[in-house]
Protein chains: 2
Amino acid sequence: MNIKEIARQAQVSVATVSRVLNHPELVQPETRAHILEVMARHNYTPNWFARRLNLARTNTIALLVPNIEGGINQKVVAGVESVATKKGSTVLLCSTHGRPEEEDRLLRMVFDRRVDGVICSSSNLTQARLNECGLGSSAFVLIGQGDGEMTACYINFEGIAYKMTQHLLGLGRRRIDLLLDETGHSRNDPIISGYRRALLDADVQQGHIHMAAGGLRGGYLAARRLFATETLPDAIFAGSDDLAFGVMKAARDDGVDIPARLAVVGFDDSLLCDLVTPELTSIEQPSKRLGMVAARLLFDLIEDAQIAETVPQEVVLQPKLKIRRSCGNKKYIHELFD
Amino acid sequence: MNIKEIARQAQVSVATVSRVLNHPELVQPETRAHILEVMARHNYTPNWFARRLNLARTNTIALLVPNIEGGINQKVVAGVESVATKKGSTVLLCSTHGRPEEEDRLLRMVFDRRVDGVICSSSNLTQARLNECGLGSSAFVLIGQGDGEMTACYINFEGIAYKMTQHLLGLGRRRIDLLLDETGHSRNDPIISGYRRALLDADVQQGHIHMAAGGLRGGYLAARRLFATETLPDAIFAGSDDLAFGVMKAARDDGVDIPARLAVVGFDDSLLCDLVTPELTSIEQPSKRLGMVAARLLFDLIEDAQIAETVPQEVVLQPKLKIRRSCGNKKYIHELFD
DNA sequence: CTGAAAGCGCTTACAG
DNA sequence: CTGAAAGCGCTTACAG
């Protein structure tokens, strides 16, 4: 069923049919009603492609993330999706697996499809690369720290790492080690930098930085290695909750008392932080809000092209310390079940 | 930049340009090379909408899930995405929030966009509703148990609930209670049915079925209520790991020994099952595989319309028991860190 | 308020 | 192997 057929059956021109779709106020109420009736009767829905060939917007945005399985991206996706739905747009979701070539391929692809805009979570995207992909003048929002040339939003890992380190120092811990996921989370760099800055400011000697394979298991193995070969630090600041959980498991196996002998803190404030013993001190990240902010920025760009003309905007979201018991904190601060 | 301009610059007709895009073997190697060169120089990419207006396939599939944030859906999404990418298709992802009206709206919308096919995770979709949305003759795969009229795939919750109950009985537990998430996971019904069947077959009296709010907290509160008001069952079979973790936390607070006095088992085999003490016996679900299977079924339908003519196909995936210590199992069966 | 016509950017029989 | 032309299904000035 197409517009011509509808026009024939309604005994009007295709122009009139098209008008009830696009500018209903321009057509006489009676004819309009009649045409709508014919459309309904035939379950007619205009061909999307033919339509978009003539129209500017596609009501589609693209979202590229390193991988969908990552717990954090998942919340970002949900945040973007919720805003997009409110705006009447749908989301084309793509996984880049963190590979730049794959990012480029997908960027070209979504541009090809004339999406209204693109949100991309990436750690190595520059305006120059964007230009190469033909996205130079499109609405685009980066999730992550860009080169300052792009509209971007990200979580302030540096600042919170500073605060967490400071917190541990405040509890009397001196040698604080960092344990990071070697699968190059883009957050490693800012964490290291915040951590170092805090130690410098407090005039405390820098601790060791350990790299581990990702996840519970990676944290476990790294911690056991550390326990076996080095003098025990006073605290381990892990780059993810999973790593921290692994450290806790290792500590239990090796008889290292947490938090008396060793403080352990994590990074994602996952649900399970409250369950483990002792409860894990961690960092709450506004992941869903990050997605929502990115989407809002994007729709600002889409709806008002002028904004893009101005200096690119950067939105920085602040995470929060969630103090529990694994850091050696004595005061009652946070309890989930009351 | 459009095809006409490329044709002009390459001094050929648009037909020839179009041919190097669609049937390169039909154009002389030299002209082809020349045209490709001109295209590359201008960074030309054909208009997707104009193209799809003439072509049959859009290389896009739609995936509707109740919500993206759910840990299980997330893996399903990843599974679908990985297969789609291999097939050169992209995924239009939509959240239905489990609301039928929203499902209908989105189904119409994606159909509108001429996607090649649709995968929908739903607990109340019928072929009849599909027909109403105009998707009657489209390639469609249901994730969930359908009305037998649709191609579908799902996880056999009934069977695994039977097995888990049987396992608990085998360990000498007699009164086994069920603890379910009241936010109507569609899996509640099959779990109840498998559980009841196992007790019937073993000629053991049915236990109680408790409904709880979702998550850790829901499990915790429900368990504390149970401990305070009823005689303790021998085992609690929780409908999700989070619920089970909540029960474990409650048991610790109330001094109920797990597994000596009370066995607890969960349902998702989340990463943390190995971390808690005692390690949580649970059920491993092939969620990612579910997504992959759904996508494969869909591409079968897309690539060979004949298949749809035959009787609708149903694929049932089998989950696996992950026996650990919280059920009172004595033998060494499973250990993550060795 | 309505219609005839040109145009969006492509693809593909049809002739040569 | 290549080109002129019709057509995909819509939208929107332009006239009336």
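**View 1. Helices of chain A and chain B at DNA strand D.** The surface near DNA strand D draws at least two residues from each of α2 (14–22) and α4 (48–54) of chain A, and likewise from α2 (14–22) and α4 (48–54) of chain B. Helices here are DSSP runs of H or I with at least four residues, strands are runs of E with at least two, and both are numbered from the N terminus. The model is predicted: local features need pLDDT of at least 70 and side-chain atom pairs pLDDT 80 or more, while totals for chains, interfaces and linings use all residues. Residues are numbered from 1 along each chain as its sequence is written, chains are lettered from A and ligands numbered from 1 in the order in which they are written, and side-chain values use heavy atoms, without hydrogens and water.

**View 2. The residues around DNA strand D.** DNA strand D is surrounded by 26 residues, the closest being A:Ile3, A:Ser18, A:Tyr44, B:Thr16 and B:Arg19. Of the atoms of DNA strand D that come within 4 Å of the protein, 67% belong to sugar and phosphate. A residue counts as near the strand if one of its heavy atoms lies within 4 Å of it. By class, this surface has 12 nonpolar, 11 polar and three charged residues. Asp, Glu, Lys and Arg count as charged; Ala, Val, Leu, Ile, Met, Phe, Trp, Tyr, Cys and Pro count as nonpolar; the others, Gly among them, count as polar.

**View 3. Side chains at phosphate oxygens of DNA strand D.** In chain A, a polar side-chain atom of A:Asn22 is 2.7 Å from a phosphate oxygen of DNA strand D. In chain B, an N or O atom in the side chain of B:Thr31 is 2.9 Å from a phosphate oxygen of DNA strand D.

View 4. Over residues 1–55, chain A is 67% helix and 0% strand, with its end C-alpha atoms 21 Å apart.

**View 5. The contact between chain A and chain B.** Chain A gives 52 residues to the contact and chain B gives 53 residues, where contact means heavy atoms within 4.5 Å. The rule finds two salt bridges across this interface; a salt bridge is a side-chain nitrogen of Lys or Arg within 4 Å of a carboxyl oxygen of Asp or Glu. A:Lys249 forms a salt bridge with B:Glu279, with the closest N and O atoms 3.2 Å apart.

Methods. A polar contact is a pair of N or O atoms within 3.5 Å; within protein, one must be able to donate a hydrogen and the other to accept it, and residues adjacent in sequence count only if both atoms are side-chain atoms.
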